[in-house]
Amino acid sequence: MDERDWTTRTPDPGATLMGEGVTIRCAAESGASLVSGDLDAAIASLAPGAPMLGLLDEVPEKPFALRIARDRALLCTDAPLGQEGWRDGFAVSGADDLFLVIEITGARRDEIRSACLGGGVGSPSAATLFAGQGALVATCPGGLCVRVEAPQAAALWTHLDRLIAAL
Amino acid sequence: MTGWRHDSAGMVDRDRPLSFTFDGQPCTGFAGDTLASALLAGGPRILGRSFKYHRPRGLWGMGGEEPNAILDVTENGRTLPNVRATTMVLRDGMALRSVNAAPDAARDRLGLIDLAQRFLPAGFYYKTFMALGWMRWEPMIRRMAGLGVLDADHHPPADAPSMTAEIDLLVIGAGPAGLAAARAAARAGRAVWLVDEAAEPGGALRWRGGEIDGAPWQAFARDSCQAVTAAGGRVLTDTVLWGAFDHGMFAAWERRADRPDRHWRLRAREVILAAGAIERPLWFANNDLPGVMSSEAALHYLALYGAVAGRRIVIGCAGDAPYATAAALAAAGCQVTLVDARSETPPAPEGVTLRRAARITRAHGHREVGAVTVEGVHLDCDTVLVSGGFTPSVHLHCQAGGKLDFDPRTDALIPRPGSAPLLTVGAACGAFGLAAALAGGHVAGGGAGPAPAASGAVWGIAPSRPDPKARGRVWIDPQNDVTLKDVKLAAQEGYRSVEHLKRYTTLGMATDQGRSANFAGLAAMAALTGQTIPETGTTTYRPPFTPVPLSVIGGMRRGEGFAPPRRLRLEAQHRALGARFREYGGWLRPAHYGTDEAKAAQAEARTARQTAGLYDASPLGKIEVLGPGAAELLDFCGYVRMSTLKPGRARYGFMLSETGIVFDDGVVLRLAEDRFIVSASSGHVGSVRMILEEARQDRFDPARVVLHDVTAQWTTLTATGPASRALLGGAGIDLPDLPHMGVAETRWQGVPLRIARVSFTGDASWELSVPARHGAALQAALETARAGHGACWVGLEAVMILRAEKGFILVGKDTDGITMPQDLGWGGPRDRRQDEYFGRRSLFTPEAMRPDRRQLVGLETSGAPLPTGAHVLASDGPRRSAGFVTSSCHSPTLDRPVALAMIEGGRSRIGQEVTVFHLGTLSTARITDACALDPEGARLHG
Amino acid sequence: MQRFSCPFCGLRDETEFHFAAEAGKHRPEPAPEVSDADWADYLFGNDAPRGPAREVWVHLTCGEFFVMTRDTVTREVLGSAALPGRSQ
Amino acid sequence: MQRYSAFSLLRHGLTGHRGWRPAWAKARPRAAYDAVIVGGGGHGLATAYYLAKNHGISRVAVLEKGWIGGGNTGRNTTAVRSNYFYPESVALYDLSLRLYERLSRALNYNVMLSQRGMLIAAHTPAQMEICARIANAMQLNGVDGHLMGAEEAVRRIPLLNQTADARFRCLGGVWQGRAGVARHDAVAWGYARAASALGVDIIENCAVTGLDVQGGRICGVDTTLGRIRTERVGLAAAGATPGLAALTGVRLPIHTYALQAFVSEPVKPMLDTVLLYLGTGTYVSQSDKGELVIGGGLDRVPTHGQRGNLPAQETVISGLLEMFPAFAQLKLLRQWAGVVDVVPDSSPVIGPVGPGGLYVNCGWGTGGFKAIPAGGWLLAHLLATGAHHEISRPFDLDRFARGRLIDEAAGSGIAH
C-alpha cells in the first residue's frame, strides 16, 4: 500500500460513545424528506401542524421540520413519506437515509457544543457547521441532536470520540 | 551559586523536595517552584548563551518577558525545546539543558565569538559572505544560530480542543484592576469571564501583598472570584489571551496540568483590558551580565518561592516601585543599596542604604556581575536589580486597532481611550499603584459606590532612557544581542524607520517578543534622530502576545481527522471482499480488490470485459432539479440542452465555467417533465450545486425550480459487461426493457429501485440505485449471483482502465484549466446553440478559435505503457512541448498499451508519429482516435 | 474569525461563507453581440475598492446568495441584503 | 557607493563603524523626472535600478507611501524558484532566478540566496503523474526539474510524517535544486542602495494622490509632497495598484486578499529544503536564524487590511503539524499578513494600461518575492522602450480579452 490505512468507520445506528459526563449515540432516521419551495404549503400537505425549527430549537415528537434555508427544510417523520417529485408549488425528495442522527447528552454536553459549534443561536436555520462538518443542529431532551450526512458521519464520530477524551 | 533559599518566605512545599539537573549537574527545588525559581535559589547563574555573541545569560524576569532563561526540558525521555523557565512548573526528574551553548552554558566554546564583536555589528552579514557565495558560509551560520534542539521522536498529540464562547464581559488580567472590575460587574449581575495567565488570581498582589478594604488582599481576590462564579461567570487561570482578531474575537490558550490544553475563541459584548505592565531594564555598560535582574522579578521570587537573588545587592532605579523590593530583601537579610536617579525620593526602607541622584553607569564582572560603578564610585555586589520604569501591556489594545498616546508622567505609551473596542485599566493604562488600579477597575466594571480601598499613592517615576552617549556596550535586546551601538549604526546608515530598525538590527524579534527591548530601542532611535517618541512611532502589534504552541493552534485536525474523505455505506462489505481503499475526488473508494494492485486492476478490467464487473458508484452526484423551471435552468447551466430530453431518458453533457472551461461532465436523467437528476462527478457535486443555485436565485424564478442534493440518500451499484444482464437476473432483479440511456423507476423486493442504463465503460451497464439502508441487501444479492456468472468486483483502478480504453475522459485528469468542449470533440452545441448558456461567450474568444488548441486524442505504442505526464514534442522548430499524456495503461482486452493525450491540433494529426519525452528519454508513438476499443459502440447494447 | 450575516440565517462564522464576486455586474448578452473586451471586463474586471465594497456572497450551509456591504480595510460588515425578489 | 566586503567590515570595525554612510540617500522630490515608479517594494526598487543600470535612465524617482520594503516584500516566506508548468511562466521566473543567482554581487549587498532546493510533495499516484507532467515541462523548458521518489524525499527531509497514521504520506514529487530562499529585506535594501548610487531618488513617506493625464498621455503625478512632472509612470504597488490604476479609469482583473505567514521560535537546523505539500497546501522552510517560516493558502475574504485571521491560521498550522508531527513541540512566535493582488489566472499583469506612458507590474498574488528581479527588469524595459520584452509579452493585460490565460493552478493542478 502506498497510502495510509483507514481505521475509522461509519458508526452503525445504535453505536454509543461514553465519556465523563457525556454520552453520544448514533441513530438512523425513521423517515425524512427534503422539501423545498412553498414550505407552508408543503407542511400543510405532508405533515399538518409540524413545527419549523431553527438552530438549537428543541425538537418535539415527530413530525417536525428542520429549516435548512429560506425555502428548504428537512421534514422528519415517523416513517418514510415516499411522495417524491414536484407538487403544486413545492418539491419533495426522499431523504430517509441522507443523514445519520447523533445525539449528545450528559452534564458536559455544553462543552461539546462549545467545542463544535460557532455562534448563531436564534438562527431560523438549523443548518450550520458542526466540528467543521455541515450539519443540522437542534436540541433534544437532555442534549444536542445533530444530523450529519452519512458519508461524513465517520469523521464526526471519530472527532467526538477524541473530543470526549480531550475535554 | 549566588541565589539562596530563604528559610520561611514563599509558598513552596518544603516537605516535597524535587531533584532535577541543569546541564547535567544535579540541583534541587521544591514542589511549587517554577524552573526559574528553583534555578535562582539553587542552580547556577549562567543559564544560557546569547544568540549572536554567545555571551553568558542569566535569569532576568518572571514571566513571558524573560529573554534569557530559555531551556530544553527533558521529561520521561521526551524533550521540549525553548521552554521559558519562568512559566514552567518544576517536576521531579526533569533534565534541563541550556540552549545555544556547547558543551554547556558555563563552558560554551563559541563564547570566543564575543572577542570579535567589534567586527560583527548589526547587519554585518549584509556586507560580507558574498565572495564565495552565501551557500559556502550558510551551513556554519545555521549551526551557530537557533536556540533549542527539536526532539525528532517527540510527536505531541493533536488533542487541543478549540472552544467557542460568547460572553457578556471579558476581563483580561486578574490583578487588582481586573479583580475590581470583575467584582463590580459580577455584583451588578453580569456574567464575567476573568482570564489570567498566572496559576492564581492576584497579579502583582501575589508578591507585593497589600490590604484591601482593611483585609488581606487574598480575601478580596477570593470574594471577587466567588462573585464572578455566582453570577454565572467563569475564572480561567493559566490562560493567555494571545490575540485580538477581527469582529471582536479574542484567542486564548488555556494551559491545563493533567488534560490537553485548550484553545478558546472568545467573543464578548464588552472587554476590559487589565494586563498590567512590564518592568524596564536600565541601560548601562555590561547590563547584560548574569546577576542583573528585574527588581520586580526579584521581589516576585522572594515572596512566592523564598528564592533570593543574591546577598549583596545594588538596586538601580528612578521610581518608587523598587522600594518594596529593597525593603523585602533587607528584611530577608540581604545587604541592599538603593541607587535612585532622583534627588527627591521616598525615605530609605529600613536597613537599606539609599543613594539619591545617582545612576549605575557600568556593571563589572567577567561571567557574572561582581560590582557596579555608581557616579564614578566602585561598589562591590553580587546582584544588581534594576527598574527603569514600566511598559504598559497594551498589545491587545493595539491588536484590536487601538492607538497609543505618549504619557510623559509615566514616560510610556498608553492606550488612547476610545480608539479600540475595549477599555484599558490599571497599570496597562499607566495607573501604577494599588489604589489607582482598584479605582480604575471598579469604575470600568460599572461598580456602584466607592471603590475598594487601599493605601499607597500612585508610584512616582522619573523617565529613564538609554543615553546615546553612554560608553561601553549597552544591551537593548539581550537575547538577540542588540546593543545601543547597533541602534546608532542603524540610524547612521539610514535604517531609521522603526520597522527598518527592527529588521536591520533584529531588535525585538527574539522569543520575548521585544517585551523589555522595544521601548528602549525606540527611545534610543528617538534620541539619535532628535525626534519625539510619537514621531518615531512603534512597530505594529500583532498576535501572538506570547508565543503559543503550534499544537494549540493546529487543534485536533490530524491523521484521519485532517480533511476527512467521505465514506461509502458499504465500506465494510467492500473490505470483507478484500478491497484496498484510496481517495478519489474526496471519497474513499475501493481502488482494487486483493493486495497486488497492478495485477488486480488488470484482472478486474479483463473480467469486466469478458463477463461482468460490479462496482460501487454511490459517490456519483445526485442533484435533483425539480419544478416547472427545471429544464430552463439546466439548459442555461449546461453546455448540452436538456429540455429536449424525454422523461425516462438520460443524456451526457458538460457543465462549463463562465470562462468556457470544462468544469464537469456527467449524465442528466429526466424522471418526469419537472424532475431531473444531475449526476455530477463525485468530486464536483458541491460546486455544481452552487453553480445551479446561483443561476436559480440570480437569474430564474426560484419559486419555479428547486435543488435537492440527495447523493448520500442512495447506494448505487453498477453492473457492467456482456454478462451483466444475466447476473442481475440471477440476483432477482427484474430488468425492464431499457435502451441504452434509458432510465426506469421500479421496485426490488418492495424497495424503490432506480435503474439507469448509462455506461462509463463502453459496455452495457446497469446503474442500480436503492435507498442507502437497502444497499447492503442489494450488494448481498449481487455478490451471491456474482460467482455463478464469472463476474468480479472491480475497483476504481480497473474502472480507469475500462474508461481509458474507450477514450472517456476524467475532468481534471484528461482536461485542464484551458480545455474547452470543442477540444474534446464536442463542438456541436457551440456551433449550433442559439440560446444563452453558461460559458457561451468565452467559447468564441480569439484564443478559443485557434486551430492549434490542444485536443484529446489517443496514443498508440508497443511495449510498455507511456508514462502519464510524459510530453509530446512539437514536430518542427526548436524542441518544445506540444502536449502531454493524461491517462495511460495497459489494456488487458487489447493486450497493448492505450493512452489518452492532449496534443496541439491533435485531431487533424491522427495517424502521425510523434516523439514522446519523459525525464530525458525519448520514444515514439502514433496519434490515434481517443477511443481504442469498440469505436462503433456495439458492446453498449450487449 | 470574522462573522457575516446571512440575510436569512443571521450571524454566522466566516467559515460558512464564500465570496462569489463584486456586486453590480450585469452579464452582457446575447453572446454574439458582446465584444471580447466587454466580456473580459464582465468576467475579470474588478474595482477591489479600499473601504466600503458591495459583494456577492454565498452562505454555504443554506445556499443563499446575497449582497454584503463590507469595509475592506476595517473589515466591518455594514449590511447584508437578500437578492432582489427573495423574501421570507 | 561605499564598497561592502569582509575587508571593509574589518577596517570599519577598527574605527567603531563610524564611517558607514547611509545605504540609500533620503531624497526629496524634484520637479520632474524621466520616469516615476510608484511603490518602493522590491519590484519598484528593482525597476529603478534596472532603468538606471540597463537603460541609462537615472532621472528616476521611486515613490513609497511608507518605508521601503514594507509591503509584501517584507511580508512573505522568501522562497525563490522557477518550478512552473507553462513555458511563459518558466521563462519569467527563471529569468528571475538567474538574476537572483548573481544579485548579491551585482548589488554588492548580500541577499543571502540559499539554493537549498524545493520539493513539491505528492501523496497519490494521480498527484505523482501531475508532478511528472511538471518535471517534464520544466526539463523541456531548460529548467532543472527532477521527479523525486519517496526514498530520496525522506532522505532529504527525514522528519516528514511517513507513519501509518499520516494523512498524506509523501510519495515523492517535483524537485528543483536551484530553488531556495533569500533574505527579503536585503533584496529591497540592496536594490535601493544600488539604485540610489546610480542617481535614483528614493522618496519615502510620499503617497500618490493623482495621476495627471493630458491628451491621453501621462504627464505627471500628484503626491502628498507635491506635483511631479513625468511622462512615464510605472505602478508596482501590489494591492494598492487597482486603486492607483482607477485614478485613470482603468479596471484591473484583481482581487485583493490577505496572505498570512508565520514564524516559529528558532531551533537548531532540522529542515534543509523548502517544502510545499499538495495535501495540506502548507509550505515551510527553516530560516538561517533557525525559525520555521510557514505559509499556506489565502484568507478568502477580499481585503486591504494587513491582518491575518484565525481560520486560515488553523488550516496552515494544522497542515504543518500533519506534515511534521514533531513540530508540535514548537511555538508560534510571529504572524503577519500581506495584501496580495490576485489575478484570476494567478499570473502577473505586466504591460501598458490606460493612458500612454502608464505601465503596471502587478497581480503577483502570493508569489511576488521570487519575481522581484524579473519584474523590475521587465518593467524597466517597458518604461525605457515603450515596448514589451519578449518575456513580458504573454503577461500583458490583453490576455484576458484574447482568452489566453496563463493559469498554473489549472494547468498543473498545483496552486503556486
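This is a selection-by-selection tour of a predicted model.

Residues are numbered from 1 along each chain as its sequence is written, while chains are lettered from A and ligands numbered from 1 in the order in which they are written. In this predicted model local features need pLDDT of at least 70, side-chain atom pairs count only at pLDDT 80 or more, and totals for chains, interfaces and linings use all residues; side-chain values use heavy atoms, with hydrogens and water left out.

**Stop 1: chains B and D**

Select chain D and chain B. Here 100 residues of chain D are in contact with 99 residues of chain B (contact means heavy atoms within 4.5 Å). The area buried between the two chains is about 8900 Å², and carbon and sulfur atoms give 57% of that. Buried area is the accessible area (1.4 Å probe) that two parts lose on being put together, summed over both. Highlight D:L140, D:K268 and D:Q329: they supply 9% of the area that chain D buries against chain B, more than any other three residues.

Between chain D and chain B the count is 10 salt bridges. A salt bridge is a side-chain nitrogen of Lys or Arg within 4 Å of a carboxyl oxygen of Asp or Glu. One to display is B:R265 with D:E314, at 2.6 Å, N to O. Another pair to show is D:D272 with B:R142, at 3.1 Å, N to O. D:D272 lies in the loop between β13 (255-264) and β14 (274-277) of chain D and B:R142 in helix α3 (residues 134-144) of chain B, so this pair joins two chains. Helices (H or I, at least four residues) and strands (E, at least two) are DSSP runs, numbered from the N terminus. D:D272 is partly exposed at 43% relative accessibility, whereas B:R142 is buried at 8%. Buried means under 20% relative accessible area, exposed over 50% and partly exposed in between (1.4 Å probe, protein chains only).

**Stop 2: rings**

Over all chains there are 45 aromatic pairs. Rings of Phe, Tyr and Trp (its six-membered ring) pair if their centres lie within 6.5 Å; planes under 30 degrees apart count as stacked, over 60 as edge-to-face and the rest as tilted. Select B:Y495 and D:W24, an edge-to-face pair with 5.3 Å centre to centre and 90° between the planes. B:Y495 is in the loop between α11 (484-492) and α12 (498-505) of chain B, and D:W24 in the loop between α1 (6-14) and β1 (35-38) of chain D, so the pair joins two chains. B:Y495 is buried at 0% relative accessibility, and D:W24 is buried at 1%.

Next select D:Y50 and D:W377, also edge-to-face, at 5.1 Å centre to centre with 65° between the planes. D:Y50 belongs to helix α2 (residues 42-55) and D:W377 to helix α9 (residues 372-385) of chain D, so the pair ties together parts that are 327 residues apart in sequence. D:Y50 is buried at 4% relative accessibility; D:W377 is partly exposed at 25%.

Then look for a charge over a ring (NZ of Lys or CZ of Arg within 6 Å of the ring centre and within 35 degrees of the ring normal). B:R473 lies over the face of B:Y53, at 5.1 Å from the ring centre. D:K289 lies over the face of B:F51, at 5.4 Å from the ring centre.

**Stop 3: inside chain B**

Select helix α22 (residues 796-806) of chain B. All of it is buried, 11 of the 11 residues, so the helix is largely enclosed by the rest of the structure. Its buried residues pack against β35 (579-584), β36 (587-593), α17 (597-610), β37 (613-616), β50 (881-891) and β51 (896-904) of chain B. B:G807 follows the helix and has a positive phi, near 75°.

Move to helix α12 of chain B, where B:K502 and B:E499 both lie, 3 residues apart, about one turn of the helix. Their side chains meet in a salt bridge of 3.5 Å, N to O. B:K502 is buried at 14% relative accessible area, and B:E499 is buried at 6%.

**Stop 4: chain C**

Select chain C, which has 1 helix and 6 strands in the order β-β-β-α-β-β-β. Its C-alpha trace spans about 40 × 30 × 20 Å along its principal axes. Of its 88 residues, 53% count as buried.
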